[in-house]
Amino acid sequence: AVLRAAGIDDFNSTAIVYSWRQVSGPTTANMSGNATDTLTVNNLVEGTYIFEVQLRDVYGLTSLFPASVVVLPAVQPRQISAGNNVVLQLPSNIVQLTAAALDSGPNLTSYSW
């Protein structure tokens, strides 16, 4: 995930110092760019992370801004069964196959053969 902050000094557009830190989360994120306007975080697991950036101008005035990152679980492919194997003896040429979803996930709207 990439987080960006923008700071402008109201008095004379002098340099802003950025300082990022992780406030909370299910694990400690790997962070790079802690002292820049752009923070890159990785090695995140499912859950909510809170990061905070502090902006400081040359006069020592500071502001704190939180940013949250929500990591959702990976989408897993559906578990589907096309039924048992069938042996067809000619001259018969009709077979019935029954498909079924093996998991109870939501949003299964159709089957396609």
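Predicted model: local features only at pLDDT ≥ 70, side-chain atom pairs only at ≥ 80, totals over all residues.
Reader: Okay, and where is Glu52 found?

Author: Glu52 is found in strand S5.

Reader: Which residues does Glu52 touch, leaving out those up to four places away in sequence?

Author: With those left out, Glu52 touches Ser19, Trp20, Arg21 and Val23, and also Leu64, Phe65 and Pro66.

Reader: What about S5 itself, in which sense does it pair with S6?

Author: Strand S5, which covers residues 47-56, pairs with strand S6, residues 62-71, in the antiparallel sense, and the pairing runs over ten bridges. As one example of a bridge partner, Phe51 has Ala67 in S6.

Reader: How many residues are there between S5 and S6?

Author: There are five residues between them, and the two strands form a hairpin, in whose turn Gly60 has a positive phi of about 85°.

Reader: Let me zoom out for a moment: how many helices and strands are in the chain?

Author: The chain has zero helices and eight strands, so that, read from the N terminus on, its elements run β-β-β-β-β-β-β-β.

Reader: And how much of the chain counts as buried?

Author: Of its 113 residues, 17% count as buried. The chain exposes about 8,500 Å², and carbon and sulfur atoms supply 53% of that area.

Reader: Which residues make the nonpolar surface patch?

Author: Val86, Leu88, Val95 and Leu97 make a nonpolar surface patch of about 320 Å². Leu88, one of these, is found in the loop between strand S7 (80-81) and strand S8 (100-101).

Reader: Why is Leu88 called partly exposed?

Author: Leu88 is called partly exposed because its relative accessible area is 42%, and that term covers values between the 20% limit for buried and the 50% limit for exposed.

Reader: Changing topic, what does the side chain of Gln22 reach?

Author: Gln22 has its place in strand S2, residues 17-24, and its side chain reaches the backbone oxygen of Ser24 at 3.4 Å.

How values were computed: Residues numbered from 1 in each chain as written. Heavy atoms only, no water. Pairing = 2+ DSSP bridges. Helix = DSSP H or I, 4+ residues; strand = E, 2+ residues; numbered from the N terminus. Buried < 20%, exposed > 50% of the residue type's maximum accessible area, 1.4 Å probe, protein only. Areas by Shrake-Rupley, 256 points an atom, 1.4 Å probe, with all protein chains shown as cover. Patch = residues over 30% accessible without salt bridge, like charges linked within 9 Å, V, L, I, M, F, W, Y side chains within 5 Å. Salt bridge = Lys/Arg side-chain N within 4 Å of Asp/Glu carboxyl O. Contact = heavy atoms within 4.5 Å. Polar contact = N/O pair within 3.5 Å; in protein donor to acceptor, adjacent residues only side chain to side chain.
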